[in-house]
Amino acid sequence: MSSALRRMSTSPFSSCAFQQRASSRWPSRRPPSTATSRRSLVVAAAAASNFANENREYVIVGGGNAAGYAARTFVEHGMADGRLCIVSKEAVAPYERPALTKGYLFPLDKKPARLPGFHTCVGAGGERHTSEWYKEHGIEVLYEDPVAAIDTQNQILTTSSGNHLKYGSLIISTGCAAVRFPENIGGNLPGVHYIRDVADADSLVSSLEKAKKVVVIGGGYIGMEVAAAAAGWNLDTTIIFPDDHIMPRLFTPSLARRYEELYQKNGIKFIKGVLVDKLEGGTDGRVATVLLRNGSIIEADTVIVGIGAKPVVSPFEAVGLNKKVGGIQVDSLFRTSIPGIFAIGDVAAFPLKIYDRMARVEHVDHARKSAQHCVRTLLTAHTQPYDYLPFFYSRVFEYEGSSRKIWWQFYGDNVGDTIEVGDFDLKVATFWLNSESRVKGIFLESGSPEEFALLPKLAKCQPVVDRAKLQGASSVEEALEIELKDKIIVTDASSHGRHCGPPTAIKEKKR
């Protein structure tokens, strides 16, 4: 388990949340003024607010989280009105995608999430950006018209409808697509679902309204979140996955066991260590059974496949791909190998500065932050390298009537040995320590806001801890005090120069 995140790209059942490889530091390839000179190639008419011609000064390809936060940053810099165009395959304005596997799947009597409630940028505490917001700020959005081809030499995009768009600067934020089962083993049968957009979620909700037996294939993020939502419908729900326990790329066996027990208390069954051989339809053509390679047959009228995702790089292969972690290769300012072209969010393979390696992160937090960093780079003299701390979280069983709501957060890198502290019925934490007893990652379930706020500080500072004291801690609160009392306020030469400040959060909580 100590190298869990490093293995995420090796399994077809990976949620692909975090993929990475060792690498030397990324060299700077050109001065930041290159993009500005590139934009000067676009005719002056590009700034016309009605986009009367085919020229666009700035174009964002993709309509997900990253695109929404990038658009907000353009507006904040006064550079959106009449200058910015978003080209999207979706029928709606950008929204906070994590809701699709959480609140969106709740039954109607449990107050499900619905648009326009979770349009960007409400996830980060900002204003809700509906389609009207884009119109009000002079941002052109081409809905349901994804890019089909790019001519990098002449800076021209061709959309699926045949539109030709000339761009000055281009930001690629095409995100990921769900890994699908092949058609010849039932991957496209009615009743088989994949979740990446709101249309997918709508289709799944329609199935859940009539379902009796649900099978979720995959034990990662999608599997855990969808199964928890299905429990809110009181459906016969089974999770099937090939690993020994759920979330193997993050959870330790001990931590996984605690979550599995909670899921089982909510009526969810597990079938572990097996692969799916085939999905078969019934007499009506709808999925009816899941055949496992061990010969078992599981009945199901609704199947959700959550076996991972892959970056959408077509038609941008010529921009330059990273074959190790997937996605489009960029530097610490999200610049690709072609001047004036950037890539952000799930699709970007970028230098993970804190751990000195290349990475690709599929998470809403990175989508937001990479978008903001990239646009600042494009519009200003900003040249500060992107310094991202990996962060993952999940929230499940949040519907009305749930016996217990679950909310965990993880910061850092889950490498090294682990020490688990606490009682899951109250709260539990797991610390990852390297051979020097330095904290590399930290996980917390059911923490207070003050405790959650301490996690990124610890993961950034990477303090050296006394293993015996940490193992002997009687509670999460005591463990955090051990970490903070003598460690977080001291910065030594081996702590990479990261200083997180005094442990004010714990002190305030105790008053």
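Predicted model: local features only at pLDDT ≥ 70, side-chain atom pairs only at ≥ 80, totals over all residues.
Helix packing is considered first. The crossing in which H2 passes H7 is right-handed. On the H2 side, the contact is made by Asn-65, Ala-66, Tyr-69, Ala-70, Arg-72, Thr-73 and Phe-74, while H7 contributes Val-364, Ala-367, Arg-368, Ala-371, Gln-372, Val-375, Arg-376, Leu-378 and Leu-379. Sorted by class, the residues of this contact comprise 10 that are nonpolar, three that are polar and three that are charged.

Helix H8, which covers residues 449–461, has as its buried residues Glu-451, Phe-452, Leu-454, Leu-455, Pro-456, Leu-458, Ala-459 and Cys-461. The residue that follows H8 is Gln-462, and its phi is positive, near 50 degrees. One of the buried residues of H8, Glu-451, is joined through its side chain to the side chain of Lys-427 by a polar contact of 2.8 Å.

Lys-427 itself belongs to strand S25, which runs over residues 427–433. With a relative accessible area of 16%, Lys-427 counts as buried, because the cut-off for that class is under 20%. When residues up to four places away in sequence are not counted, Lys-427 touches Val-421, Gly-422, Glu-445, Ser-446, Gly-447, Ser-448, Glu-451, Val-476 and Glu-477.

The C-alpha atoms of Thr-430 and Glu-420 lie 4.3 Å apart in space, although the two residues are 10 residues apart in sequence. Glu-420 is among the residues touched by Thr-430, and the others, again not counting residues up to four places away in sequence, are Thr-252, Leu-255, Thr-418, Ile-419, Gly-441, Ile-442 and Phe-443.

Two prolines in loops were also examined. Pro-112 is located in the loop that connects strand S3 (84–87) with helix H3 (131–136), and its relative accessible area of 17% places it in the buried class. Its C-alpha atom is separated by 9.8 Å from that of Glu-400, a residue 288 residues apart from Pro-112 along the chain. Leaving aside neighbours within four places in sequence, the contacts of Pro-112 are with Gly-103, Tyr-104, Phe-106 and Pro-107. Pro-248, in turn, occupies the loop between strand S11 (236–240) and helix H6 (253–265), where it is buried with a relative accessible area of 14%. From C-alpha to C-alpha, Pro-248 and Gly-219 are 8.2 Å apart in space, and they are 29 residues apart in sequence.

Cis peptide bonds occur at the following positions. Thr-120 and Cys-121 are joined by a cis peptide bond with an omega of about 15 degrees. Cys-121 lies in the loop between S3 and H3, the loop in which Pro-112 is also found, and Cys-121 is buried, its relative accessible area being 0%. Another cis peptide bond links Ser-314 to Pro-315, with omega at about 5 degrees, and Pro-315 is placed in the loop between strand S17 (309–311) and strand S18 (328–329). As regards cysteines, Cys-176 is likewise buried, with a relative accessible area of 9%, and the structure contains zero disulfides.

Positive phi values are found at non-glycine positions as well. Glu-144 is not a glycine, yet its phi is positive at about 50 degrees; this residue lies in the loop between strand S4 (140–142) and strand S5 (147–151), and Glu-144 is exposed, with a relative accessible area of 55%. Gln-155, which is also not a glycine, has a positive phi of about 55 degrees and sits in the loop between S5 and strand S6 (156–159). In contrast to the exposed Glu-144, Gln-155 is buried, with a relative accessible area of 3%.

Terms used: Residues numbered from 1 in each chain as written. Heavy atoms only, no water. Disulfide = S-S within 2.5 Å. Buried < 20%, exposed > 50% of the residue type's maximum accessible area, 1.4 Å probe, protein only. Helix = DSSP H or I, 4+ residues; strand = E, 2+ residues; numbered from the N terminus. Polar contact = N/O pair within 3.5 Å; in protein donor to acceptor, adjacent residues only side chain to side chain. Contact = heavy atoms within 4.5 Å. Left-handed = near helix turned anticlockwise from the far one by under 90°. Nonpolar A, V, L, I, M, F, W, Y, C, P; charged D, E, K, R; others polar.
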